[in-house]
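Reader: I have a few "how do you know that?" questions about this model. Could you take me through the terms as they come up?

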Amino acid sequence: MNWDELKKWLLNLKEWLLNLYEEYLLQLYRKGKRCIVQKMDKKKLWTIALAISIICIFCVFSKDGIALWKKANVSPSEREEERIYNSNIEKEKRPKKEAKAESPPVIDMSDNYVEIKTDMQRINEPTYFDNEVIYSAGEGSNIEDQAILTKIFVYDMETKEEKVIAESGIKFGEIYEGRLSHNWVAWLDTNHIGTNIIYGMNRESGEIVEVKKCEYNRPQIRLWEDNLIWVEQRDLENDSLYLYNFSSGEPVVLESFDNPTYGTCPPCIWENVIVWVSPREGEGSIIKKLALNEKGDSSAGGPEPELIDPKGFAIYPATNGEVIAWLDNLDPNEASLKLTLDGNNIVTVANGVGRFFGVGDRFVAYTQAGTIMLYFWNEDTYAYITPKDVLGRLSQCSVSGNYITWYSNPPKEKQDIVNITIIK
């Protein structure tokens, strides 16, 4: 390659980098992040272009190229989980404040849990349903290894048997979002770079169906019996909330969003009730509650969902079909956990609450400073389920009825330790 050819190649590289930078800024805008654009002279731009070109060549030709890409594309939930855990470690190092005399007693419920016994090192998003636990898993020392979570397992709590029910079918693919019901298993197969396929498996026949392909970010799916829901990024500006019924076989759009904050917020489903949040005209949020009939459509609940005013901002809703809980801030250090039993009166459960929480039959479970706490709304009573010397963290879909799924080891440790607590 002579100098003229090299100069032309570098000019093309500069244009590509500028386009990539513009795309990056659009993605930041979609995610609601602020950024500062600085002007730079040509010498600095050429220097950056040369440096990035060297990095790109390394990523393409190095055996760790895919791993580096995966590290840069860790999902918000995984990144948030590790950030919360590190924040909890720092809080544990601080001197603890003495409890006020008027504070209600906190009940110790830390002696009633069982550990999931598995030979797998990495266990992703363990989710309990009716005496079974579903998770994707694999062997690997840390999150940067290539294609660790290649299989999806169902663990029987009675027999202690672990069975592989499916494997990733994508090159460099991994499985996320494993969900379970009596009739169906659902999961997401992804290569982390734009190929995302939602699958479902009929538990009686073993037949696997492709539900939908998603081209952008990894959707977070939720399943209850035959109904599957998720929010999917449609393009740089729009996201859509989908409902898919395995009996009818056609995805239906319940709502579309042009606000990145709500477009990245997973919905919740319990029995025949779907709950999600939307931007409110002016300021704040609105919580929407939609009832489905047995066939998986909204005709039983009327043409419009019930609207619940959270009296401010709301994100990450959770429900048991009646009680609805949410956070009022994206920052875990600033977030308060709130709930409503009747859609009107709002209770503030706790402050400084981590991202993952869930609503059980008569309690809400949440993480606070490395301790997994419970709040029983009928008794106005608090309890904790993690032993005092253990830092716990909840799984994403952590609560089902009276069962709570949680980790008792730091992120990226060699062996994931998963526990199930039963609230009697």
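Reader: Let's begin with Asp380: what makes Asp380 count as partly exposed?

Author: The relative accessibility of Asp380 is 48%. Buried means under 20% relative accessible area, exposed means over 50%, and partly exposed is in between, with a 1.4 Å probe and protein chains only. So at 48% Asp380 counts as partly exposed. Asp380 lies in the loop between strand E25 (371-376) and strand E26 (381-384), and its phi is near 50°, a positive value in a residue other than glycine. Most residues other than glycine have a negative phi.

Reader: Before we go on, what kind of model is this?

Author: This is a predicted model, in which local features need pLDDT of at least 70 and side-chain atom pairs count only at pLDDT 80 or more, while totals for chains, interfaces and linings use all residues. Residues are numbered from 1 along each chain as its sequence is written, and side-chain values use heavy atoms, leaving out hydrogens and water.

Reader: Why is Lys311 called exposed?

Author: Lys311 has a relative accessible area of 59%, so it counts as exposed. Lys311 is another residue other than glycine with a positive phi, near 60°, and it sits in the loop between strand E18 (306-308) and strand E19 (315-319).

Reader: How many helices and strands are there in the protein chain?

Author: There are five helices and 29 strands. Both are DSSP runs numbered from the N terminus: helices are H or I with at least four residues, strands are E with at least two. Of the 424 residues in the protein chain, 48% are buried.

Reader: What makes strand E12 largely enclosed by the rest of the structure?

Author: Seven of the seven residues of E12 (residues 227-233) are buried, so the strand is largely enclosed. Asn227, Ile229, Val231 and Gln233 point one way, Leu228, Trp230 and Glu232 the other, and all are buried. In a regular strand the side chains alternate between the two faces of the sheet.

Reader: Which strands does E12 pair with, and how do you know?

Author: Two strands pair if DSSP finds at least two bridges between them. Strand E11 (residues 222-224) has three bridges to E12, and the two run antiparallel. Strand E13 (residues 239-245) has seven bridges to E12, again antiparallel. For example, Leu223 has Leu228 as its bridge partner in E12, and Asn227 stands opposite Asn245 in E13. E11 and E12 form a hairpin with two residues between them, and Glu225 in the turn has a positive phi of about 50°. The hairpin from E12 to E13 goes through five residues.

Reader: What does the side chain of Glu255 make a polar contact with?

Author: With the side chain of Lys288, at 3.1 Å. A polar contact is a pair of N or O atoms within 3.5 Å; within protein, one must be able to donate a hydrogen and the other to accept it, and residues adjacent in sequence count only if both atoms are side-chain atoms. Leaving out residues up to four places away in sequence, Glu255 touches Asp239, Ser240, Leu241, Trp276, Ser278 and Lys288. Touching here is a contact, with heavy atoms within 4.5 Å.

Reader: Why are the rings of Tyr128 and Tyr403 called stacked?

Author: Rings of Phe, Tyr and Trp (its six-membered ring) pair if their centres lie within 6.5 Å; planes under 30 degrees apart count as stacked, over 60 as edge-to-face and the rest as tilted. By this rule the count comes to 12 aromatic pairs. The centres of Tyr128 and Tyr403 are 4.1 Å apart and their planes are at 10°, so the pair is stacked. The pair links distant parts of the chain, with Tyr128 in strand E3 (residues 122-129) and Tyr403 in strand E28 (residues 403-407), 275 residues apart. Tyr128 is buried at 6% relative accessible area, whereas Tyr403 is partly exposed at 24%.

Reader: What puts Arg355 over the ring of Tyr316?

Author: A charge sits over a ring if NZ of Lys or CZ of Arg is within 6 Å of the ring centre and within 35 degrees of the ring normal. The charged end of Arg355 is 3.5 Å from the centre of the Tyr316 ring. Arg218 likewise lies over the face of Tyr176, at 3.9 Å from the ring centre.
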